Amino acid sequence: MLRDAHDRPVGDHWLHHGTDVETVWEGPVPHLTPTDRFYVRNHTEAPEIDPAGWRLLVSGDGVIRDVTYSLADLRAFTSATYERALECTGNGRSLFETQQGTHRPGTQWRHGAIGVARWSGVPLSSLLHHAGLRPEAVCVTPVGLDASYVVDGVDHGRVRRPLPLTKALDDVMVALDMNDAPLPRDHGFPARLVVPGWVGIASIKWLGELRVTTRVEDSPWNTLWYRMHGKGWRGRAAELDRMPVKSVLDVAVVDGVAGQVPVVGRPAVLRGRAWSGDAAIAAVEVSADGGRTWRPATLTGPNETSSWTSWEAIWTPERNGTHELRVRATDTDGRTQPDEAADNEDGYFFAAVVRYPVDVAAPEGAPVGA
Ligand SMILES: Nc1nc2c(c(=O)[nH]1)N[C@H]1C(S)=C(S)[C@@H](COP(=O)(O)O)O[C@H]1N2
Ligand SMILES: [Mo]
């Protein structure tokens, strides 16, 4: 198999962006993303960690004393399992240019910087309580063991990002397994955080330390990056934590065959996915006329908070030629996708309704253009 400079498979299933790689789906998308199809976002390179020598240090003035845990110590905790999405904050960034005409620098992700995995490990709340949490603790800063991140000669230190204690004690996990097998190196072996529903950067990989503090900490990953910059952005609204609601169209199935060109008068089954951070999906609507009229789609399959759900809608085109399909999701908190994504200098949170130009063929035997 052909592999790239970062030892990742090259082929139709992938779009490579330097140290990052995104999933390309052709046809229907499985509910759980196979580990070897899951997107990778690395600020530098994935470190090679010896599991025997690895330790996780829980430190800071928010715990009674510093405690270190080996992998065997973590495996001895009562484990938890859930299926949750992980999505990069910049997922969909290339659409700022292709759909809104404003190029935004950074990895030019399409919509493949998201996956859903079954994660197993230690609930962060169990670990913090075991270590001895002080009542004054307010913040947890996870620190990765990958190399310090250096940009334009400035060393920003190890990849880290503070998490409010309220979220840390809610549904965050120190994951050891992904889809029932130990985490692979690219996804954070031997331990990573999973912070459901929040910006992907919160889910720190190759965990080395959890600093628990009695004051709110900062890091470049919440002050310089992963916040909105540019006109109109200021203060708290600029801080990014919870992911917005989004949806995509994956495939049109005509006469039982996926990826076919829809034909006038023949029902096409449209299939796609919708997801939201810290919420489930309430409704998905589809438009075949560029957003003039909308029809409800049917939600199919599991629909859990901070995961994705699949949807399906039947569309019988009435004329041939180019159509513009649109998909719009609303989550269980009442958030709906806007027509236009809020512009920001780094191209985060492209959450607008996506436009899909689709060609419709004339029925067989009919003259083209009829
Ligand atoms: N230590 C460390 N953790 C990290 C990163 C990183 O570069 N180093 N990248 C973050 C970003 S930006 C994202 S989107 C997710 C990606 O996780 P994945 O590569 O397992 O898909 O990991 C996050 N955790
Ligand atoms: Mo990310």
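The lining of the largest cavity comprises nine nonpolar, five polar and four charged residues, where Ala, Val, Leu, Ile, Met, Phe, Trp, Tyr, Cys and Pro count as nonpolar, Asp, Glu, Lys and Arg as charged, and the others, Gly among them, as polar. This is a predicted model, in which local features need pLDDT of at least 70 and side-chain atom pairs count only at pLDDT 80 or more, while totals for chains, interfaces and linings use all residues. Residues are numbered from 1 along each chain as its sequence is written, chains are lettered from A and ligands numbered from 1 in the order in which they are written, and side-chain values use heavy atoms, with hydrogens and water left out.

A cavity is a set of points, on a 1 Å grid over the protein atoms alone, where a 1.4 Å probe fits but cannot get out, and its lining residues have an atom within 4 Å of a point. A volume is the space filled by probe spheres set on the points, which are joined across faces, edges and corners.

| Cavity | Volume | Lining by class |
|---|---|---|
| Largest | about 240 Å³ | nine nonpolar, five polar, four charged residues |

A polar side-chain atom of Arg192 lies 2.7 Å from an oxygen atom of ligand 1, and a backbone N or O atom of Tyr39 lies 2.8 Å from an oxygen atom of the ligand.

Note on methods:
A polar contact is a pair of N or O atoms within 3.5 Å; within protein, one must be able to donate a hydrogen and the other to accept it, and residues adjacent in sequence count only if both atoms are side-chain atoms. On a 1 Å grid over the protein atoms alone, a cavity is a set of points where a 1.4 Å probe fits but cannot get out, and a pocket is an open set with protein on both sides within 12 Å along at least five of seven lines; lining residues have an atom within 4 Å of a point.
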